[in-house]
Amino acid sequence: MPKPFLSDADSPLPRRTRRSFARAAAVAFGAAFGAGFVGTSLVLVGLKLLPLPSTAKTAPTELTSADGRPIALWSPAGQARAALPLGAFPRWLVEATLATEDANFYRDHAISVRSTLRAVAVNVRHGEIVQGGSTITQQLAKNLYLTQDRTFGRKLREAMLALQLELHEPKDWILDRYLNVVYYGHGAYGAPAASQLYFGKPVQSLDLAESALLAGLPKGPALYSPLDHPERAKARQRVVLERMVQTGYITQAEADAAYAEPLHIARHQPPTLQAPYFSEMAFNEAKRMARLTDGDLDAGYVRIHTTLDPLLQKAAERAIQLTLPKGSQLEAALVALDPQTGAIRALVGGRDYRESPFNRALGKRQPGSTFKAFVYGAALTRGWTPAREVDSKLTTFIYGPSPKDEYTVHDYGDIYAGRPLTLREAIARSDNVYAVQTELAIGAQNVVDFAKKLGIQEEMKPYPSLALGVFPVTPVELAAAYAAFANGGYRVTPHAVESVDTPYGRTVHPLEKTRVISPELAFQMTDLMQSVLAPGGTGYGARPYLHAPAAAKTGTTDTDAWMVGYTPRLVVAVWVGYDSGRPLTVQESHLAAPIWGKFMGTAQAHLPGPWYTPPSDLEAVRIDPLSGALATPQCGAAETDYFLPGTAPTATCPLHRPPVVPEPAPSRWWNWLRRLF
């Protein structure tokens with residue numbers, strides 16, 4: 001039986017005491033309520049006065065250029081785009097999102113107390129965050145400003161930021177922003193990107209069935225993906241439609257009709273990116289560097305800081321587009337890197353990524369005569385000098401004991417100088433006879449070892465044809481190997497990524513520089529390769545585009561055209577050819593030089609700087625190219641070359657000796673005076 005209510009007369013306490021207690025309780029309750037009200041008001045006022053974070057975190061995995069500009073997003077739906085206004089979204093999608101994620105969005109404030117308490121109870125029981133309870137405003141705050149880590153601290157910051165959002169922005173703005181940034185899976189952030197990804201259509205064109213499917217994805221993008229789990233996606237769609245019925249947005253008949261509608265899921269398309277060949281390479285490099293999976297990139301909150309120079313990238317793309325014949329299937333690749341660090345500043349892997357995503361900057365092709373730089377570099381380390389002469393004529397070399405060990409060398413077009421050439425002339429003319437003679441004289445294996453030391457990783461055999469570049473390399477590899485000549489003798493690692501930021505920390509590309517040749521040798525090769533751009537040189541066609549000195553080497557095979565060259569600030573490799581290996585015409589074989597020249601001219605204006613200074617122990621000597629001996633005033637075309645101490649020629653040119661001037665005959669008066677005395 002319940003205990004009867006006690007009257008004042010039955011109370012054991014005096015009336016005055018009871019009234020005192022009542023007054024004290026009322027005062028205490030009033031004070032507590034007032035303090036709570038004042039405290040809450042102060043918190044709200046503070047949140048209202050406190051500005052939102054100045055920069056919102058962009059959730060998608062993002063590539064940035066060397067100067068911090070965004071290049072591309074890891075998103076099959078393409079690049080970052082302008083946000084759509086709320087009115088542009090179909091009514092079905094807005095209502096499906098509200099019914100599924102936050103039915104009381106327009107009635108409640110930033111935080112749903114009931115959902116939050118329920119989630120807190122579950123999370124406390126498990127000792128970690130296992131259940132949400134977030135409103136649309138909280139989800140937006142998380143997407144804009146926070147990482148995805150599941151901690152109590154992050155949930156508290158999320159709640160405070162949600163309160164701030166609703167104090168600063170109206171509900172429509174919050175819902176609009178949510179629909180533009182929420183994650184729908186497979187790298188698609190925002191409903192517009194998701195609509196293109198899953199249905200191949202603008203978000204404005206979605207019907208009820210499609211809208212319901214999209215609205216169900218943010219709860220579990222990977223779990224309900226229509227690409228990977230179509231059955232789960234369909235079941236999730238049914239849940240969304242039923243919630244729309246419960247909230248009064250649609251009728252049961254409309255829900256049943258939408259559920260019965262067959263969905264046509266679009267094929268997963270690759271992204272369209274800025275600097276697409278470079279971006280794809282950078283994404284792959286970042287995954288290796290920071291040990292990330294595609295899933296990690298899909299989850300977002302990853303920043304990949306690349307080495308790309310946007311101005312140089314545009315110049316590279318423009319040089320190729322302006323030079324290759326329109327309508328032809330001729331392809332090209334260009335790589336430009338910083339010789340001091342190996343950082344790739346521009347990269348083009350083909351004329352149109354949409355037609356062919358194959359990255360030709362990473363494709364192996366025969367380097368032709370560009371490989372001769374390694375032949376001559378190896379020779380200079382083994383006693384060869386710039387004054388060494390080789391006769392330029394059709395030559396058959398015997399390189400072994402067998403009668404079959406013969407190799408006949410032809411120059412391009414079977415055009416020979418018909419006389420001995422110095423090393424400078426051989427490089428300028430790209431003489432094949434000189435190159436093979438040099439290789440055989442110093443030993444083919446020494447050439448292989450030298451090339452590998454500079455970074456050529458491909459397997460090479462010590463054949464006589466090695467000197468003519470018959471073993472394939474990639475443009476990136478070739479540019480990196482030439483960097484040793486450009487930076488004073490160091491091997492560097494070509495790379496497209498400087499650092500990767502994830503929610504768990506930063507991974508930085510290590511600067512790797514290894515001395516592989518002497519600064520004297522690097523300068524000698526640089527000085528000699530300047531002749532390629534001089535009148536009569538094979539790269540002279542690039543000269544009109546340049547604004548300052550440069551060193552370079554051309555290369556041509558039946559199917560490939562190359563030009564590789566550098567300044568102290570940049571190394572640039574250009575390849576031109578057909579994917580099919582179709583032979584080049586004479587005109588096509590000369591297209592690498594103008595591409596290289598157009599780009600390098602822009603690069604010189606963009607990255608000006610002084611030319612190289614010769615090392616102090618090198619001796620500058622003028623020699624006669626016809627004899628290889630010291631030039632005299634009578635030598636018509638002398639060249640200045642640099643020699644290590646004790647290696648310069650000492651004999652005077654025998655072909656242009658100063659004329660012998662006979663002594664004048666004595667006069668008759670002198671003879672008479674001499675006889676008189």
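Buried means under 20% relative accessible area, exposed over 50%, and partly exposed in between, with a 1.4 Å probe and protein chains only. This is a predicted model, in which local features need pLDDT of at least 70 and side-chain atom pairs count only at pLDDT 80 or more, while totals for chains, interfaces and linings use all residues. Residues are numbered from 1 along each chain as its sequence is written, and side-chain values use heavy atoms, leaving out hydrogens and water.

**Confidence**

Colour the chain by pLDDT, the predictor's confidence in each residue, from 0 to 100. The mean for the protein chain is 84, and 81% of its residues reach 70 or more. Select residues 76–81: pLDDT stays under 50 there, and the model has 21 contacts (heavy atoms within 4.5 Å) beyond four places in sequence for them. Residues 128–132 also stay under 50, with 18 contacts beyond four places in sequence. Where pLDDT is low, the predicted coordinates should not be read in detail.

**The open sheet**

Helices (H or I, at least four residues) and strands (E, at least two) are DSSP runs, numbered from the N terminus. Two strands pair if DSSP finds at least two bridges between them. Select E2, E1, E3, E11 and E12, which in that order make an open sheet of 5 strands with mixed pairing. Strand E2 (70–73) and strand E12 (505–508) are at the edges with a single partner strand each, so one side of each has no neighbour in the sheet. On average, neighbouring strands of this sheet are turned by 20 degrees against each other, direction ignored.

Zoom in on E1 (residues 62–64), which runs antiparallel to E2 and is joined to it by 3 bridges. Glu62 stands opposite Leu73 in E2. The two strands form a hairpin with 5 residues between them, and Gly68 in the turn has a positive phi of about 90 degrees.

Axes here are lines fitted to C-alpha atoms, for helices over the stretch in contact, and angles run from 0 to 180 degrees between N-to-C directions.

Next, select H14 (residues 372–380).

**Aromatic pairs**

Rings of Phe, Tyr and Trp (its six-membered ring) pair if their centres lie within 6.5 Å; planes under 30 degrees apart count as stacked, over 60 as edge-to-face and the rest as tilted. The whole structure holds 11 aromatic pairs. Show Tyr376 and Tyr434: the ring centres are 5.8 Å apart and the planes at 80 degrees, so this pair is edge-to-face. Tyr376 belongs to H14 and Tyr434 to H16 (residues 432–442), 58 residues apart. Both Tyr376 and Tyr434 are buried.

Move to Phe523 and Tyr642, with centres 5.0 Å apart and planes at 90 degrees, so this pair is edge-to-face. Phe523 lies in H19 (residues 519–529) and Tyr642 in E18 (residues 639–643), so the pair ties together parts 119 residues apart in sequence. Phe523 is buried at a relative accessible area of 10%, and Tyr642 counts as buried at 18%.

Finish with Phe371, Phe374, Tyr482 and Phe485, which form one aromatic cluster.
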